[in-house]
Amino acid sequence: MSNILADKLQVWGFEKDFIVFTDGSLGFALELVPLDVTCWKDDAVNSLAERMAQFLNGVPPHTDIQFVQEIIAGNTETAAAHEALIVPEASEAARLVSKTRADRIRELDVQGLIPRHRLKVFVRRPFAKALIGKQGLFSKSKLFPSITEQQLAHEVAATRHLQTDIMTSFGSLGLTSSVIPADDVMKLIFEQWNPCRPVGLSHYDPEDIRSTILFTDALLYEKGFSLSDMHYRVLSLKMLPDQTFAAMATALRELAFDSRLFLTVHVPDQQKELENLQTQRRLAFAMARGKKSGVADIESEAKFQDIETLLEELIAQGERVFQVSFNVVLRSKSQDDLEGQVSQTLSRVRELGGAEAMEESLAA
């Protein structure tokens with residue numbers, strides 16, 4: 001395996017504002033305006049949760065959808081808009097008060113005391129026909145093999161239809177969504193992998209961005225990794241909550257400044273998942289009820305009952321199975337500050353119905 005960081009990036013390039021990945025899949029990015037449900041009535045919050053479940057049930061199989069919450073600075077526009085409200089006939093004292101107030105907002109914004117919450121969505125779908133099959137034992141691996149222009153245009157059109165459907169679904173949820181163009185996605189990738197570089201992004205080749213985007217060395221250590229002077233920690237959800245209710249994730253809006261929360265949902269083939277569960281049900285039944293004497297296998301009995309309940313919901317109620325991951329990426333130039341962010345984030349996750357997160361070590 002190569003030790004070059006550029007060879008490990010999954011993003012290959014862009015095609016008409018769509019992201020092309022090394023395995024031949026396509027994706028796109030959306031910017032959402034978050035909803036504040038803290039003052040909503042319980043009925044409205046429960047209705048929103050039900051409609052979000054219907055949205056996930058409508059996502060096509062083999063699709064990956066990732067929600068990214070950023071807590072960053074960026075309230076200078078609000079301060080500028082406040083200053084613009086001054087009327088021409090205002091007195092000098094009113095002008096001074098308004099300017100002082102705007103300067104104070106900018107100062108607090110730089111210190112991270114007035115965070116701005118941004119929500120992005122990244123969607124990725126494979127081609128209808130896989131471009132890369134299983135590699136042989138001695139065969140050489142291929143990255144993004146050559147395909148015809150007609151096939152690529154067909155896949156781009158299918159991805160555009162998926163983009164339209166998802167944006168329409170977000171609209172039905174009351175969310176305002178907009179497409180993030182390729183240049184802005186490129187800037188996001190550049191800022192992610194070069195956090196301390198004083199020189200910004202100049203030009204790049206949209207057909208292969210990997211060689212023109214990385215200008216920072218990565219240092220791996222036991223608890224995390226570093227990019228230049230910026231240190232990173234990764235936290236992952238280890239134990240699910242004991243009980244859940246709508247809008248319980250409001251506590252995650254108070255995560256550390258300059259943090260990113262990743263909620264990734266993969267939609268597998270439901271028929272294969274159903275067959276897999278039925279196989280596990282038969283195995284659990286054989287281990288729990290197959291003994292004619294001796295001590296009963298309590299763990300297999302409990303697993304058998306859980307699978308029975310899940311299969312009833314899948315078959316009778318039309319529920320679906322998803323693969324979900326929950327991660328929080330923290331970063332800071334100070335190691336001591338980063339340790340405090342880790343403790344704070346672990347406490348916030350514990351507030352979600354007894355859920356537990358773990359600090360990734362070598363897996364980061």
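Tutor: A nonpolar core is a set of buried Ala, Val, Leu, Ile, Met, Phe, Trp, Tyr and Cys residues joined through side-chain atoms within 4.5 Å, where buried means under 20% relative accessible area, with a 1.4 Å probe and protein chains only. The model is predicted, so local features need pLDDT of at least 70 and side-chain atom pairs count only at pLDDT 80 or more, while totals for chains, interfaces and linings use all residues. Residues are numbered from 1 along each chain as its sequence is written, and side-chain values use heavy atoms, leaving out hydrogens and water.

Student: How many residues does the largest nonpolar core have?

Tutor: Within the largest nonpolar core, F55, V121, I166 and F170 have the most contacts. The core as a whole has 26 residues.

Student: Which element supplies the largest share of this core?

Tutor: Helices (H or I, at least four residues) and strands (E, at least two) are DSSP runs, numbered from the N terminus. Elements that each supply at least two residues of this core include β2 (18–21), β3 (26–32) and α1 (42–57). The largest share is five residues, and it comes from α4.

Student: Which residues does F55 touch, leaving aside those up to four places away in sequence?

Tutor: Contact means heavy atoms within 4.5 Å. With residues up to four places away in sequence not counted, F55 touches I65, F67, I166, S169, F170 and L173.

Student: What is the angle between the planes of F67 and F170?

Tutor: Rings of Phe, Tyr and Trp (its six-membered ring) pair if their centres lie within 6.5 Å; planes under 30 degrees apart count as stacked, over 60 as edge-to-face and the rest as tilted. F67 and F170 form an edge-to-face pair, 6.5 Å centre to centre, and the angle between their planes is 75°.

Student: How many residues apart are F67 and F170?

Tutor: F67 is in strand β4 (residues 64–72) and F170 in helix α4 (residues 149–172). The pair links distant parts of the chain, and the separation is 103 residues.

Student: Why does F170 count as buried?

Tutor: F170 counts as buried because its relative accessibility is 2%.

Student: Which ring does the charged end of R124 sit over?

Tutor: A charge sits over a ring if NZ of Lys or CZ of Arg is within 6 Å of the ring centre and within 35 degrees of the ring normal. The charged end of R124 is 3.9 Å from the centre of its ring, and that ring belongs to F21.

Methods
Buried < 20%, exposed > 50% of the residue type's maximum accessible area, 1.4 Å probe, protein only.
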